[in-house]
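Please read the points below alongside the model. They cover aromatic contacts, metal sites and pockets, in that order.

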Amino acid sequence: MKLTADLHTHTKYSDAHCTVDAQAKRAKELGLEAFAITDHGYTQLVCGLRRREKARYTREIAEAEKKYGIRILVGIEENILGREGTGGLSPSDYDEFDLYLAGFHVMSAHESWHDWWNGWRGYLGYNMRLDLRHGRLAAEQTRAYINTVEKNPVDMLTHICFQCFADPLEVAKCCADYGTYVEISGKKTHFTDDELDAIVHKTAARFLVNSDAHSPKRMGDIALAVEQIERVGVPLSRIDNIDGRMPVLRMEEYKKRR
Ligand SMILES: [Zn+2]
Ligand SMILES: [Zn+2]
């Protein structure tokens with residue numbers, strides 16, 4: 001299994017220290033056909049990409065693409081903001097990006113105080129290893145994932161169930177219905193093997209496998225994901241950014257139809 005494109009990486013435009021140039025240089029050395037810079041989004045309160053920096057972000061990506069001769073997608077990792085499914089990007093932002101990712105992160109501009117509190121409860125509960133998978137919190141965070149996918153042309157959900165509680169099967173079913181990819185992260189294990197097995201066998205969800213690299217050293221590093229993929233026996237034909245394949249991106253299709 002060979003990675004075609006690492007579609008989840010960060011730079012100093014959000015919470016990493018490295019430059020776009022350094023990430024591009026490493027991706028080229030690794031022989032990737034393409035990769036995406038997907039810094040944390042506008043609704044990240046502390047370390048997200050700022051709107052005033054967007055032009056420079058895009059320009060640096062275009063310059064690195066030319067310098068290293070590697071395709072670089074202009075991406076963003078936005079946030080799941082609450083139960084109503086408000087997107088981090090507005091429709092007027094879509095033309096500015098090639099790739100729209102979304103995931104749960106604390107310190108986001110949540111829809112309401114209740115959603116903000118849910119975010120922290122999920123974060124704290126997860127890190128204290130509490131099992132909150134079957135209560136009201138999980139039902140509400142599941143609803144937040146599902147409404148976000150239904151109402152926004154999100155290309156991929158990042159690290160589902162990491163530092164939050166949700167029903168991964170329901171979320172993955174919704175992803176399959178709407179053409180949103182489910183990530184298998186190379187940075188952190190976010191599904192149990194049983195959860196991933198259920199997603200594979202009970203849904204038609206398709207996957208992307210990425211590094212979530214916050215440094216050039218980790219660019220293209222999907223070893224952790226590969227171990228789980230092999231343990232669970234995920235058919236490689238369900239993963240759309242390996243072995244020469246590139247994904248069909250939902251936001252791009254949405255923009256064509258508009
Ligand atoms: Zn993330
Ligand atoms: Zn990330």
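1. Phe 162 has a relative accessible area of 15% and is therefore buried (buried is under 20% relative accessible area, exposed over 50%, partly exposed in between, with a 1.4 Å probe and protein chains only). Tyr 126, at 26% relative accessibility, is partly exposed. The rings of Tyr 126 and Phe 162 have centres 5.3 Å apart and planes at 70 degrees, so this pair is edge-to-face. Rings of Phe, Tyr and Trp (its six-membered ring) pair if their centres lie within 6.5 Å; planes under 30 degrees apart are stacked, over 60 edge-to-face, and the rest tilted. Tyr 126 belongs to helix H3 and Phe 162 to the loop between strand S5 (156-157) and helix H5 (168-178), so the pair ties together parts 36 residues apart in sequence. Helices (H or I, at least four residues) and strands (E, at least two) are DSSP runs numbered from the N terminus.

2. The model is predicted: local features need pLDDT of at least 70, side-chain atom pairs count only at pLDDT 80 or more, and totals for chains, interfaces and linings use all residues. Residues are numbered from 1 along each chain as its sequence is written, chains are lettered from A and ligands numbered from 1 in the order in which they are written, and side-chain values use heavy atoms, with hydrogens and water left out.

3. The count of aromatic pairs comes to 10. In one of them, Phe 104 and Tyr 145 have ring centres 5.0 Å apart and planes at 85 degrees, so the pair is edge-to-face. Phe 104 sits in the loop between strand S4 (99-103) and helix H3 (113-127), and Tyr 145 in helix H4 (residues 136-151), 41 residues apart. Phe 104 is buried at a relative accessible area of 9%, and Tyr 145 is buried at 0%. Trp 113, Trp 116, Trp 120 and Tyr 123 form a cluster linked by ring pairs.

4. Which residues coordinate the zinc ion (ligand 2)? The donors are His 8 (NE2), His 10 (NE2), Glu 77 (OE) and Asp 212 (OD), at 2.0 to 2.4 Å. Donors are N, O and S atoms within 2.8 Å of the metal (3.2 Å for Na, K and Ca); water is not among the atoms, so sites may look incomplete. The 4 donor atoms subtend angles of 81 to 169 degrees, which makes the arrangement irregular. Four donors are tetrahedral if all angles lie between 85 and 135 degrees; four are square planar and six octahedral if opposite donors are over 155 degrees apart and all others between 65 and 115; anything else is irregular.

5. The zinc ion (ligand 1) is coordinated by Glu 77 (OE), His 105 (NE2) and His 159 (NE2), at 2.1 to 2.2 Å. His 105 lies in the loop between S4 and H3 and His 159 in the loop between S5 and H5, 54 residues apart. Both His 105 and His 159 are buried. Glu 77 bridges the zinc ion (ligand 1) and the zinc ion (ligand 2), which lie 3.4 Å apart. Glu 77 is itself buried, with a relative accessible area of 0%.

6. The largest pocket is lined by 17 residues, with Tyr 126, Arg 133, Cys 161, Phe 165 and Thr 192 nearest its centre. The second largest pocket is also lined by 17 residues, and those nearest its centre include His 105. A pocket is an open set of points on a 1 Å grid over the protein atoms alone, where a 1.4 Å probe fits, with protein on both sides within 12 Å along at least five of seven lines; lining residues have an atom within 4 Å of a point.
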